[in-house]
Amino acid sequence: MYFEEQISHLRIQECTRINEDNRPHKKQQRRIPKNADRTLVAYDILDDDRLNLLDWKSNNVLAIGLSDTVYLWNAANESRMKFSRAVEDNNPVTSISWSPDDKVLAVTFGNSDLDLVDAAIGRVLVGIQGDSHSFVCSLAWRSNRILTTERSDGSVVDYDIRKDDRAICDYKGHRLEVCSLKWSELFGRYLASGGKDKLVHIWDARMAVANHHPRQHQLLHKISKHTSTVRALDWCPTRSNLLASGGGHNDQCIKLWNAVNGVCLNSIDTSSEVCALLWEKNKSELLTSHGFPNSQLTSWNYISMTRKVELFGHSSRVLYLAGSPLGGVVASAAEDEALRLWNVFETPKPLKPDANTVPFAQFSVIR
């Protein structure tokens, strides 16, 4: 099924009115609509801050995990697909992530198995059976062949999906579940991880080593400034060494880090749990989603970290955020079984309302 992506082509209108002193006024701020463009029903989405169940990449297909099934919606050709497989005890989907070339969707289940799926035909290309003591909470692709996974026992492992002996590197440091993994860029140098142990780790890929040959000093920075679970993580796309992190309900802070020296550049008390965060692709804007008391989305200016707007609509904490590859639109999902589409960021180019740019126009229920 499809979501209607009603992108309001918002542009900053520059006004150059000159006052009596010949001093130009500041240009007008872009208006951000305070209501969601579209709200869709997402039955059976799980409220678990260890899971990562929403992804939207450049193929313009949004993937969402609902219970034990992954649903795909293709905006370009108006096709739809779902992927599920028989697993014992109806194990739920725990994490999903598109490969950088959008050809493969990585899907993990509560029984600890990992499937690499050809999304075009829904066929499993590679199946990796996990152990029975942990499951994969988070996924991050470093390249089209290197997939980084984190298990609920705190272990972080790189897999080369082309090899028979796929586990090639590991990263040791977390004691509890890692809730988020993010590479700094494609073929990125830095890997950031945040977890239930209240820690943020920044790893340097040049320091990773092969499995069974552990080496000290794998970890570049171990950051212990948060006082609650760290689930929200994202690298700034325009400043490669800038990392943003957000703390849980006992912390409620956004912190900005220099990945080179590990210095905290800023800390902002948001007065609510920070569940997820997302940088705008082309400009210095940051979007965060929150829990109690308001379950809102907040747009921030960088560097000042002043609030631009707060968006309300969800009735439970908003664990999942994903940005449209076309720009402008952000999808949010929460336990209230609502998936909402917001015109938060500026659209890079005006888009014509055709089949390739107006996704999900016909439906309002997922499934």
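A hairpin of six residues links strand β12 to strand β13. The model that shows it is predicted. Of its 367 residues, 56% are buried.

- Strand β12 covers residues 156-160 and is joined to β13 by four bridges.
- β12 and β13 run antiparallel.
- Across this pairing, Tyr159 stands opposite Ala167 of β13.
- Strand β13 spans residues 167-171 and is mostly covered.
- Four of the five residues of β13 are buried.

**The chain as a whole**
- The accessible surface comes to about 16500 Å².
- Carbon and sulfur atoms account for 46% of that surface.
- Among contacts with a separation of 6 or more, 51% involve residues 24 or more positions apart.

**A four-stranded open sheet**
- Which strands make up the open sheet, and in what order? The order is β14-β15-β16-β18, and the pairing is antiparallel.
- β14 (178-183) and β18 (219-223) stand at the edges. Each has a single partner strand, so one side of each is left without a neighbour in the sheet.
- On average, neighbouring strands of this sheet are turned by 15° against each other, direction ignored.
- Within the sheet, β15 (residues 190-195) pairs with β16 (residues 200-204) over five bridges. The sense of this pairing is antiparallel.
- Ala192 stands opposite Ile202, a residue of β16.

**Aromatic pairs**
- How many aromatic pairs does the structure hold? There are three.
- One of them is formed by Tyr190 and Trp235 and is stacked. The centres are 6.0 Å apart, with 20° between the planes.
- Tyr190 belongs to strand β15, while Trp235 belongs to strand β19 (residues 230-235). The pair therefore ties together parts that are 45 residues apart in sequence.
- Are Tyr190 and Trp235 buried or exposed? Both are buried.
- Trp279 and Tyr302 form an edge-to-face pair. Here the distance is 5.6 Å centre to centre, and the planes stand at 80°.
- Trp279 lies in strand β23 (residues 274-279), and Tyr302 lies in the loop between β25 (297-301) and β26 (307-311). This pair therefore ties together parts that are 23 residues apart in sequence.
- Trp279 and Tyr302 are both buried.

**A charge over a ring**
- What sits over the ring of Trp183? The charged end of Arg142 does, at 5.1 Å from the ring centre.

- Met81 is part of strand β5, which runs over residues 80-84.
- Why does Met81 count as partly exposed? Its relative accessibility is 27%. Buried means under 20% and exposed means over 50%, so a value in between is partly exposed.
- Leaving out residues up to four places away in sequence, Met81 touches Val70, Tyr71 and Leu72 among others. Also among its contacts are Ala119, Ala120, Ile121 and Gly122.
- Met81 and Gly122 are 41 residues apart along the chain. Their C-alpha atoms are separated by 7.8 Å.

Note on methods:
Residues numbered from 1 in each chain as written. Predicted model: local features only at pLDDT ≥ 70, side-chain atom pairs only at ≥ 80, totals over all residues. Heavy atoms only, no water. Buried < 20%, exposed > 50% of the residue type's maximum accessible area, 1.4 Å probe, protein only. Contact = heavy atoms within 4.5 Å. Areas by Shrake-Rupley, 256 points an atom, 1.4 Å probe, with all protein chains shown as cover. Pairing = 2+ DSSP bridges. Helix = DSSP H or I, 4+ residues; strand = E, 2+ residues; numbered from the N terminus. Axes fitted to C-alpha atoms, helices over the stretch in contact; angles between N-to-C directions. Phe/Tyr/Trp six-rings, centres within 6.5 Å; stacked < 30°, edge-to-face > 60°. Lys NZ or Arg CZ within 6 Å of the ring centre and 35° of its normal.
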